Amino acid sequence: MLNYVWISLIAIGILVAVGSDTKDEIENPYRNGVPVEARIEVHGRPSTEMASWEGDLVLSGEYYRAFYSAQGGGEEIRQRVKVTTASTGSSVLMMNMDDRTPERWKLMASSGGTKDRLKGFLKTVRFTEEGSTAEVTVEFEPVHFVKLRAITHAALDYAGTAVTIALGLIGIMALWLGVMKVAEEAGLIRSLTKLLTPLTKRLFPEIPPDHPAVGAMIMNISANMLGLSNAATPFGLKAMEELNKLNPKAGTATNAMCTFLTINTAGLILIPATAIAVRAAAGSVNPGIIIGTSIFGAGCATLFGLIAVKLFQRLPMFRRDDPGLASAQKEVSRV
Amino acid sequence: MSELFRAAVNILSIVAIPLILLSFLGWGIVKKVKVYEVFVEGAKDGFQVAVRIIPYLVAMLVAIGIFRASGAMDVLSMILAPATNLIGMPAETLPMALMRPLSGSGSLGIMTELMKVHGPDSFIGVLASTMYGSTETTFYVLAVYFGAVNVRNTRHALPAGLTADLFGMLGAVFITRILFGL
């Protein structure tokens, strides 16, 4: 199942990117090869002989919207630019991106390799009499394959992020695994486990009720509910290791593992702290209003998730690989 | 009532970690466990576990990264939009529902954006934040947890996790409509 979902994510991503870039090639939303008509208000002492000069590129918002058939731009667009004239006579324009830069130009700049600058070529320059302004036509560097570039960037970027996340886990993992080990040796986990046996026996019939895995799962679920995700992950991974000790078929998930992870992916949490913080930051009158609704939503997720996981484990396509069943059959054949 | 509950859970979540540390290690001393030695013995595995999940996390995050960057989410939202109208879910919140199981940071971004546009106390704002709190990042959880024990055949964990996500989202729409409905 995961195999197909995984390859689908990648394949759909690439196909959509190719489709979107093909559409761009046909519709040309970046107006590749079509010059923009604008005015440059020259800064400082203007001179046509100078190799490089600076100024403000000015064009009306109306012209921008019509040119790109896009939103935004406001009344007037004013961008700081630097013009450099090469010895061959061709002039290159560099536009600095800022907060007021229209979206389309930002997109063009970010796909051109230079994130904060947009490069263009001055096709024609005509200075006014006194030389303080110049009527220009600018052809921006052509933009191709925006989405394909984006997915390449994302793939490399996320590979790095994965390692950062994993390495970031080392410290807290070590801390909580150490604490867990002490609690285990002291017999604390076992007593905790006994308390909840009636519940855990139903959820995980395959696991002996006093197994350390049960203790770790209880710790994980409690930590999750309190919103202590830093502690929850190490407890959860410890639980997985303990569950794996009962797994006769390495590399294949047992029913207990799937049940445990379903509870985890449903994410029942008493205080959804992140969502509340974002609401407060957005200026909500009552940020905590979603506590009740979130508990209801996550409660639905947990309940139906558990029903689903218990139903799915009976389906032939998942039952076939059940490690518990495989070992039972082996024992039968040995007899 | 909800304020009191919130305060109680807040306090609990602040004192929980110091309390766990003290009680677990203290109980160890009472039971004559060599706490320092045993702690270090257990902590030793932290590094291996973290390193073990790297390949799983790379595989999962790269696939999700490609999917997100391609803009496939917009295409999917467009296809599914008619279905959301049937259950009374605003089309604006559909990307949120689709992104939630895939990426925590992605759905956080969508939630923030929706609140900025529609206001945190609007129906869409409340629904988006309820959705965020109604389930977990399924793909991330599966990658990390199964990665830690080198499980590659995940059997029915993904369909069950996604079913949980689906009902979490439906539950969020249902309760938000009833309490804050149009």
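Predicted model: local features only at pLDDT ≥ 70, side-chain atom pairs only at ≥ 80, totals over all residues.
**Close-up views of the two-chain model**

View 1. Residues are numbered from 1 along each chain as its sequence is written, and chains are lettered from A and ligands numbered from 1 in the order in which they are written.

**View 2. The side of chain A that touches chain B.** In this view 96 residues of chain A are in contact with 92 residues of chain B (C-beta atoms, placed from the backbone, within 7 Å). Helix 4 of chain A gives the most to this side of chain A, with 27 residues (helices are DSSP runs of H or I, at least four residues, numbered from the N terminus).

**View 3. The largest nonpolar core and the residue B:L57.** The largest nonpolar core has 127 residues, and A:V182 and B:L57 have the most contacts inside it; such a core is a set of buried Ala, Val, Leu, Ile, Met, Phe, Trp, Tyr and Cys residues joined through C-beta atoms within 7 Å, buried meaning that 20 or more other C-beta atoms lie within 10 Å of a residue's own. Helix 4 of chain A, residues 146–185, supplies the largest share of this core, 15 residues. Leaving aside residues up to four places away in sequence, B:L57 touches A:A162, A:I165, A:A166, B:A143, B:V144 and B:G147.

How values were computed: Buried ≥ 20, exposed ≤ 12 C-beta atoms within 10 Å, placed from the backbone. Helix = DSSP H or I, 4+ residues; strand = E, 2+ residues; numbered from the N terminus. Contact = placed C-beta atoms within 7 Å.
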